[in-house]
Amino acid sequence: MNEQIGHLTLTQAQAQFATLGPSLQARRPPAIGAADYAARLAKARALMQAAGVDALLVTAGQSLRYFTGIGWGASERLVALLLTAQGEPLLIAPAFEEGSLDAVLRIPAGKRLWEEHEDPHSLVAGAMAERGARRLALDPEAAFRIGTGLSRYLDAGFLVDAQPIIDGCRMCKTAAELALIQHACDITLQVQRLAAGIAREGLGSDELLRFIDQAHRALGADGGSTFCIVQFGHATAYPHGIPGVQHLRRGELVLIDTGCSIEGYNSDVTRTWIFGEADEDQRRIWALERAAQQAAFEAVRPGEPCEAVDAAARRVLEAAGLGPDYRLPGLPHRTGHGCGLSIHEAPYLVRGNRQPLAPGHCCSNEPMIVVPGRFGVRLEDHFYVTESGARWFTPPSIAIDRPFAD
């Protein structure tokens with residue numbers, strides 16, 4: 001095909017793991033350190049004070065990892081961090097999980113452990129009472145049963161949404177976080193290159209998906225692909241794909257959307273390219289997609305509302321006769337989402353979001369174009385906001401048959 005698409009056998013691509021893997025691993029940034037965790041807790045307390053709340057409860061999930069280092073999936077058993085205005089943070093957890101939690105806990109913390117027959121919500125309320133805290137901000141990702149459990153012990157109206165506090169901490173990434181996201185993006189971009197390299201007629205989407213996971217692992221990602229969408233031809237018209245295995249044919253577009261994780265921080269990169277020769281419509285839509293992505297990038301300025309980025313992309317598409325709004329052919333979803341410990345997190349680049357952009361915000365830029373029944377084109381690269389504008393984590397594609405910048 002060319003030096004970027006279809007130029008490698010599977011064996012040749014796998015042989016590159018031995019060179020690329022050690023090189024990337026040598027550049028792996030350090031994990032989040034003790035000073036960073038301390039700064040996060042201090043910022044949370046400052047935001048709590050500004051919001052007029054006495055306590056913050058962060059439940060199992062990515063926010064718990066953000067504040068404590070504990071990567072713990074939510075279940076029916078309450079595992080949470082209770083942070084009050086004064087005193088050490090408290091870990092609320094099942095007693096039998098203490099050892100497992102100690103192995104990953106990265107902050108000094110006291111513990112309130114509960115046995116299986118006990119109600120852990122009473123421990124939260126009891127600790128708050130001891131410290132004179134009445135108003136509790138609850139993690140927005142907490143299960144409904146946690147809110148109802150706490151409401152049995154708290155005065156009416158004293159349970160509020162912690163989203164402004166948690167987003168206020170997590171949205172603006174530090175230099176350490178940016179480095180981890182950059183490394184994850186570097187790995188995924190190399191995986192995308194190798195995946196394009198092994199394209200051949202008859203290649204199964206399932207085979208390509210397995211290769212991408214293998215490549216992420218070989219190049220140093222933590223646990224392989226965190227997700228992967230591989231679609232050919234008409235299936236590319238569905239933003240998150242359709243079930244079933246497709247086999248690649250000449251003249252079809254290939255859409256690969258995948259990412260990995262480094263110390264919990266995520267990449268999310270999409271490439272759409274042609275296998276063989278593109279027709280006029282495919283070239284036109286691809287070029288419009290790239291122009292919309294660039295317009296969105298250029299609209300990023302500190303202090304500008306998030307919705308301005310979405311609007312900039314849509315102006316390009318509407319000027320070409322696509323849309324308007326979410327109508328197809330056109331852009332059926334928001335232009336982008338925040339990314340960090342969660343693949344999708346605040347801030348969101350969508351109409352109606354007046355959140356001002358600020359240095360340290362990290363977002364995807366993916367104003368996908370869908371032509372129903374025929375094909376779709378999504379180019380997704382992430383950027384972070386600087387004092388003067390935006391900076392790419394990954395260089396965007398340059399042409400429909402040259403998905404990589406060099």
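Predicted model: local features only at pLDDT ≥ 70, side-chain atom pairs only at ≥ 80, totals over all residues.
Colleague: What makes up the lining of the largest cavity, by class?

Modeller: Three nonpolar, two polar and three charged residues form that lining. In this count Ala, Val, Leu, Ile, Met, Phe, Trp, Tyr, Cys and Pro are nonpolar, Asp, Glu, Lys and Arg are charged, and the others, Gly among them, are polar. The lining consists of Arg314, Leu317, Glu318, Leu322, Gly323, Asp325, Gly330 and Leu331.

Colleague: Why is one space called a cavity and another a pocket?

Modeller: On a 1 Å grid over the protein atoms alone, a cavity is a set of points where a 1.4 Å probe fits but cannot get out, whereas a pocket is an open set with protein on both sides within 12 Å along at least five of seven lines; a lining residue has an atom within 4 Å of a point. The structure holds one cavity of 30 Å³ or more, and the largest cavity contains about 30 Å³ of space. The largest pocket has a volume of about 290 Å³. Each volume is the space filled by probe spheres set on the grid points, which are joined across faces, edges and corners.

Colleague: Which residues and elements line the largest pocket?

Modeller: There are 18 lining residues, and Ser63, Glu141, Asp167, Arg170 and Ser342 lie nearest the centre of the pocket. Helix H4 (62–68), helix H8 (163–170) and strand S13 (345–349) each supply at least two residues, with H8 giving the most, four residues. Helices (H or I, at least four residues) and strands (E, at least two) are DSSP runs numbered from the N terminus. By class, this lining has six nonpolar, seven polar and five charged residues.

Colleague: Why is strand S2 described as largely enclosed?

Modeller: Buried means under 20% relative accessible area, exposed means over 50%, and partly exposed lies in between (1.4 Å probe, protein chains only). Five of the five residues of S2 (residues 80–84) are buried, so the rest of the structure largely encloses this strand. Ala80, Leu82 and Thr84 point one way, Leu81 and Leu83 the other, and all are buried. In a regular strand the side chains alternate between the two faces of the sheet.

Colleague: How do you know that S2 pairs with S1 and S3?

Modeller: Two strands pair if DSSP finds at least two bridges between them. S1 (residues 55–59) and S2 have five bridges in the antiparallel sense, and S2 and S3 (residues 90–94), also antiparallel, have three. Both pairs therefore meet the criterion. Leu82 is the bridge partner of Leu57 and stands opposite Leu90 in S3. In the hairpin of S2 and S3, with five residues between the strands, Gly87 takes a positive phi near 90°.

Colleague: Why is Asp325 called partly exposed?

Modeller: The relative accessibility of Asp325 is 33%, so this residue counts as partly exposed. Asp325 is in the loop between helix H12 (306–319) and strand S12 (336–338), and its phi is near 55°, a positive value in a residue other than glycine. The peptide bond from Gly323 to Pro324 is cis, with omega near 0°. Most residues other than glycine have a negative phi, and most peptide bonds are trans.

Conventions:
Residues numbered from 1 in each chain as written. Heavy atoms only, no water.
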